[in-house]
Amino acid sequence: MRKRLLLAGALMLCLLPLFAGGSQEQVSAQDGPIEIFWWHAMGGKLGEKVDAIAAGFNSSQAVYKLIPVNKGSYAETMTAGIAAFRSGTQPHIMQVFEVGTGSMMAAGKAIVPVYELMKRTGQAFNSADYLSTVTGYYTDPKGNMLSMPFNSSTPILYYNKEAFKAAGLDPERPPKTWAEVEAYSKKLVASGAVKAGFTTAWPSWLMIENFSAWHDTPIGTKSNGFEGKDAEFTINNPLVVRHHENLAQWQKEGLFRYGGRQGNADALFSSGEVGMIFNSSAGYAGAKASCDFEFGTGMLPYYDDVKGAPRNSIIGGASLWVMGGHSEGEYKGVAQFLAYLSSPEVQADWHQFTGYLPITYAAYDLSKKQGFYQKNPGTETALLQMTLNAPTANSKGLRFGNFVQIRDVFNSAQESIFSGEKSAQEGLDEAVRQGNALLRKFEADNT
Amino acid sequence: MAVENKGGILLLHVLCIIGVALILFPMYFVFVASTHNVQAIMQKPMPLIPGTQFIVNYARAIASGSRMAGAFSASGASMLKNSAIMAVGITLGKVVIAFLAAYALVYFRFRGSTLFFWMVIITLMLPVEIRILPTYKIMADLKLLDTYAGLILPLIASATATFFYRQSFLSIPDELTEAAMIDGAGPLRFMVFILAPVTRTTTAALVVVQFIYGWNQYLWPLLMASTPDLHTILVGLKAMIAAEEQLPEWNIIMATTILAALPPVAVIVLMQEQFIEGMTEKEK
Amino acid sequence: MVSKQIVFKQKLLPYLLILPEAVIILVFFFWPASQAVLQSFFREDPWGLSKQFVGIANYLTLFSDEGYLKVILTTLYLSSVVTVFSLLGGLVFAWLVFSLPKKHGSMYQTLVIWPYAVAPATAGVVWLFLFNPRVGIAALVLEYFNVDWNYVLNGSQALLLVSLAASWKRISYNFLFFLAGFMSIPRSLVESAVVDGAGRLMVFRKVILPLLNPVITFLLTMNLLYSVFDTFGTIHQLTQGGPNHATETLVYKVFSDGFLGLDLGGSSAQSVVIMTAVIIITVIQFKFTQRKVV
């Protein structure tokens with residue numbers, strides 16, 4: 001035992017130098033290239049692609065070295081970035097999901113708006129090059145771009161062509177309206193090809209946020225929060241209530257099957273349980289890999305008695321925020337990288353590889369020219385839907401603080417409605433009440 | 001009191017097999033999933049027999065870390081090394097400080113010992129995740145972010161090991177101490193040459209518990225490390241799952257899950273006898 | 001406090017001995033904990049750019065939220081189910097293995113302890129897969145028995161799933177301790193009871209169980225602590241507290257409001273409430289059981 005104790009002691013001593021020698025981070029800045037840290041939440045294949053982009057940028061010049069670091073999920077990445085800022089160890093670039101946008105905009109000196117960064121560093125930059133429906137989500141009321149869109153997606157319809165055929169439906173004609181979704185679902189279920197007609201991923205994003213934009217209806221006052229932190233939610237309006245009444249009814253009849261939050265409903269579609277799913281356009285590659293049947297895509301359905309529908313869908317995904325508190329030399333590198341990221345070649349490659357939207361018109365055109373949409377039918381649906389009409393104040397995007405928690409409130413309300421625990425009106429009234437409480441809290445916290 | 005008749009033994013075996021099957025089924029399931037392609041996993045029902053993609057998936061699981069464009073993302077080897085350093089550091093740290101503290105609590109009377117004991121008890125209660133944001137700030141103030149010390153230290157502030165040692169020491173007969181005193185052994189000699197050997201099985205059990213605890217940490221290493229150089233294998237694993245809008249590559253994730261679970265499983269399986277012995281001795 | 005009759009006389013040495021542990025828990029436990037206490041009286045944006053003292057407003061908000069009561073009840077329910085389930089599972093298993101001849105038993109022993117080594121973060125993923133409505137194997141079995149399994153919408157099913165997943169790892173842990181407990185029981189005691197003609201169950205109830213008392217008390221404490229505090233990782237993986245808050249526990253709420261939702265003041269107030277409750281419970285428990293506990 002004595003020997004073992006000695007051994008343990010010796011081991012401890014060996015570990016001590018390790019304790020001392022940390023902080024490799026800033027040390028080499030003088031000798032080597034200037035290091036730029038980019039915290040992101042891209043896992044798996046996407047993470048590999050992010051690293052490839054960084055490698056491409058690093059080999060394109062010798063002054064800067066971009067270092068991407070995976071910090072877990074979107075929520076974890078954002079919290080890590082905020083904790084780091086409070087301790088003065090923040091990265092240069094941080095990827096933030098769209099629901100975090102409200103909090104980032106209120107971040108004052110913690111961030112450097114992208115348009116300002118470009119001006120300050122003299123980087124050539126024209127915000128008109130970017131898809132306005134994408135950047136709209138990330139601009140201030142004057143139209144200045146605050147963050148750089150990176151991975152944006154929008155929800156679309158995916159449908160199982162084989163199940164459609166089995167049910168005697170035209171596999172090239174997806175439903176256009178909710179009435180058709182209902183009718184198709186009935187046929188699909190009756191044919192025995194599937195257990196339920198349709199499901200949805202990301203329930204709040206799809207059935208409240210995008211549903212409202214698509215029907216040119218606000219989900220909150222003050223232009224969906226763009227014009228002030230004192231906004232209030234209005235999702236207990238007749239349209240959203242009507243839609244949730246229908247969904248609850250369809251759930252009861254077995255036409256709709258709730259599949260859980262986030263992307264959890266994926267499995268219902270890829271396993272052939274349901275014939276249709278509403279999901280992020282970025283799920284295209286995943287669906288290709290996991291479905292052993294042919295599927296098609298279509299635009300989101302609408303109620304054809306609603307004036308102004310369909311308008312355009314809004315985005316989800318994440319954008320890149322530049323963090324405050326770094327040196328001008330480093331910001332030059334950040335600006336240069338953002339420009340590199342926006343170049344048509346890099347964008348088109350990212351778009352085609354991941355299924356996220358291209359953020360510039362040039363990248364969209366390049367993809368067209370390369371014949372990408374011909375070769376991969378169904379991939380352009382998202383773009384056509386995004387750009388169907390010019391966005392209005394109701395379909396430009398959302399800007400609410402505390403939206404991470406608010407989305408949780410919305411999801412909870414939807415779950416209580418779909419399970420029949422509450423009526424659509426009760427559930428959405430409650431969601432508005434709790435959501436407004438969180439908005440007031442955000443307003444109070446950020447004054 | 002072992003059962004001796006043949007029928008009884010057979011029945012026990014049947015019951016044990018059912019139980020083991022139930023308990024191990026999730027693990028088996030993971031293994032099966034790690035040997036198929038994604039398409040097969042997403043079907044209904046998922047196959048229950050291992051597929052043909054074993055080599056492909058595991059090769060990718062092992063390589064993916066380093067294949068992620070090499071320069072940035074940590075390689076699988078480096079993540080494993082970090083996990084090992086963290087787990088060993090937490091184990092050694094906890095065992096050593098707990099041994100010393102428990103020794104003081106049991107073998108000495110000193111002012112403040114009750115207070116200290118209560119302070120230790122309270123730390124049993126709050127997992128690091130709850131106090132994680134203030135802890136981060138403190139680590140930043142102490143300039144310990146992105147260091148192995150920063151990885152390890154906050155995770156050794158807990159009481160379990162101190163408790164175990166305290167109980168173990170209390171069960172040691174006073175005659176042993178008496179004899180040592182008569183032989184003229186001082187407290188340090190007693191501690192090193194008598195107490196440590198006598199309680200070695202408790203130490204072994206604690207090593208197992210703490211190693212597994214340390215190896216399986218996730219949230220703190222993720223938050224603390226701002227460079228991939230300090231990523232652990234679990235951080236890497238979760239990075240694969242966090243595909244957000246996209247479909248995760250479940251087969252590769254499952255293969256990595258198996259790889260990441262191997263070291264702690266090996267530790268508990270290899271040390272199970274010492275572990276049980278250590279726990280048994282405590283109850284004397 | 002239980003203590004030795006014979007102790008060393010040194011005055012300074014004990015302080016040196018506790019020094020490392022004292023420093024560690026002061027710096028890494030009490031310092032952050034005190035920060036949380038302070039924070040609970042303030043209202044602050046996540047970035048720390050503005051901060052105002054609000055007295056006990058955060059606590060008032062918390063206690064006027066009727067949802068918080070539901071969270072407390074969920075926590076109590078979940079922790080009792082997990083504790084009972086994993087203790088019983090471990091006990092039964094250990095008894096089976098102990099009853100077998102040692103050679104046979106050790107084979108099972110080796111297999112049963114595996115789950116203990118699996119990281120909570122990955123255990124959640126495994127269970128997600130098993131019970132995925134309609135696709136997961138377990139869900140298919142349930143479907144076969146005509147159970148309408150949809151835990152993403154049915155709160156009690158979600159709670160059951162979380163309880164199962166949380167108990168799973170724990171059964172291995174309890175198994176080890178129980179087995180150790182059985183092995184430490186003097187054979188002569190058991191044998192003499194058997195000679196006296198007592199049946200197997202009788203021996204278990206009258207001889208073995210009383211001797212296991214300290215182990216059970218210890219495991220009860222450890223399992224309760226585990227199920228209250230360490231299950232949030234499983235919850236996060238499986239249900240994120242849903243559907244409609246059905247699986248939201250006290251600790252998960254701290255985690256989701258604080259770490260994910262970045263409501264620093266509110267989540268600190270929750271932490272303080274939990275800490276206070278835990279300290280009170282611990283004091284009471286130790287006052288009553290310190291002579292018996294292990």
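1. Leaving aside residues up to four places away in sequence, C:Leu179 touches B:Ile276, C:Ala94, C:Val97, C:Phe98 and C:Gln109. One of these partners, B:Ile276, belongs to chain B. Keep in mind that this is a predicted model.

2. C:Leu179 also belongs to the largest nonpolar core, which has 315 residues. With C:Leu179, the residues with the most contacts inside this core are A:Ile277, B:Tyr103 and C:Leu176. Helix α4 of chain B, residues 76-107, gives the most to the core, with 18 residues. Domain 1 and domain 2 of chain A both give residues too, so the core lies between them. As a general point, nonpolar side chains tend to be buried together in soluble globular proteins.

3. Now the domains of chain A. The assignment gives domain 1 as 30-153 + 316-369 and domain 2 as 155-313 + 400-445. Their centres, taken over C-alpha atoms, are separated by 29 Å. In the contact between them, 14 residues of domain 1 of chain A meet 15 residues of domain 2 of chain A. On the domain 1 side, the elements that give two or more residues are α4 (101-105) and β10 (316-323) of chain A.

4. Overall form of chain A. The chain has 20 helices and 10 strands. Its C-alpha trace spans about 70 × 65 × 50 Å along the principal axes. The radius of gyration is 24 Å; a compact globule of 447 residues would have one near 22 Å, which agrees. Of the 447 residues, 59% count as buried. Take the contacts between residues at least 6 apart in sequence: 76% join residues at least 24 apart.

5. Chain A holds an open sheet of four strands. The order is β7-β8-β6-β9, and the pairing is mixed. At the edges are β7 (196-200) and β9 (295-298), each of which pairs on one side only. From one strand to the next, the twist averages 20°. Helix α8 of chain A, residues 178-191, packs on the sheet and touches β7 and β8 (274-280). The direction of α8 makes about 130° with that of β7(A).

6. Look next at the β6-β9 pair in chain A. Strand β6 (residues 155-160) and β9(A) run in the antiparallel sense and pair over four bridges. A:Asn160 stands opposite A:Phe295. A:Leu157 has A:Gly298 as its bridge partner in β9(A). Which residues of β9(A) are on the covered face, and which on the uncovered one? A:Phe295 and A:Thr297 are on the covered face; A:Gly296 and A:Gly298 are on the uncovered one.

7. Two backbone points in chain A deserve a check. A cis peptide bond joins A:Ala309 and A:Pro310, with omega about -5°. A:Pro310 is in the loop between β9 and β10 of chain A. The other point is A:Gln262: its phi is near 45°, a positive value in a residue other than glycine. A:Gln262 is in the loop between α11 (238-253) and α12 (266-270) of chain A. A:Gln262 counts as partly exposed because it has 17 C-beta neighbours inside 10 Å.

8. Chain C has 12 helices and two strands. The C-alpha trace spans about 75 × 70 × 30 Å along its principal axes. Chain C has 294 residues, and buried ones make up 51% of them. Among its contacts between residues at least 6 apart in sequence, 69% join residues at least 24 apart.

9. Two residues of chain C to finish. C:Gln240 has a positive phi, near 50°, in a residue other than glycine. C:Gln240 is in the loop between α10 (232-238) and α11 (250-260) of chain C. It is partly exposed, with 19 other C-beta atoms within 10 Å; burial needs 20 or more. C:Asn213 is in helix α9 of chain C, residues 200-229. C:Asn213 has 13 C-beta neighbours inside 10 Å, so it counts as partly exposed.

Definitions and conventions: Residues are numbered from 1 along each chain as its sequence is written. Chains are lettered from A and ligands numbered from 1 in the order in which they are written. This is a predicted model: local features need pLDDT of at least 70, side-chain atom pairs count only at pLDDT 80 or more; totals for chains, interfaces and linings use all residues. The radius of gyration is taken over C-alpha atoms; the globule rule is 2.2 Å times the number of residues to the power 0.38. A residue is buried if 20 or more other C-beta atoms lie within 10 Å of its own, exposed if 12 or fewer, and partly exposed in between; C-beta atoms are placed from the backbone. Two residues are in contact if their C-beta atoms, placed from the backbone, lie within 7 Å. Two strands pair if DSSP finds at least two bridges between them. Axes are lines fitted to C-alpha atoms, for helices over the stretch in contact, and angles run from 0 to 180 degrees between N-to-C directions. A nonpolar core is a set of buried Ala, Val, Leu, Ile, Met, Phe, Trp, Tyr and Cys residues joined through C-beta atoms within 7 Å. Domain bounds come from an automatic or database domain assignment.
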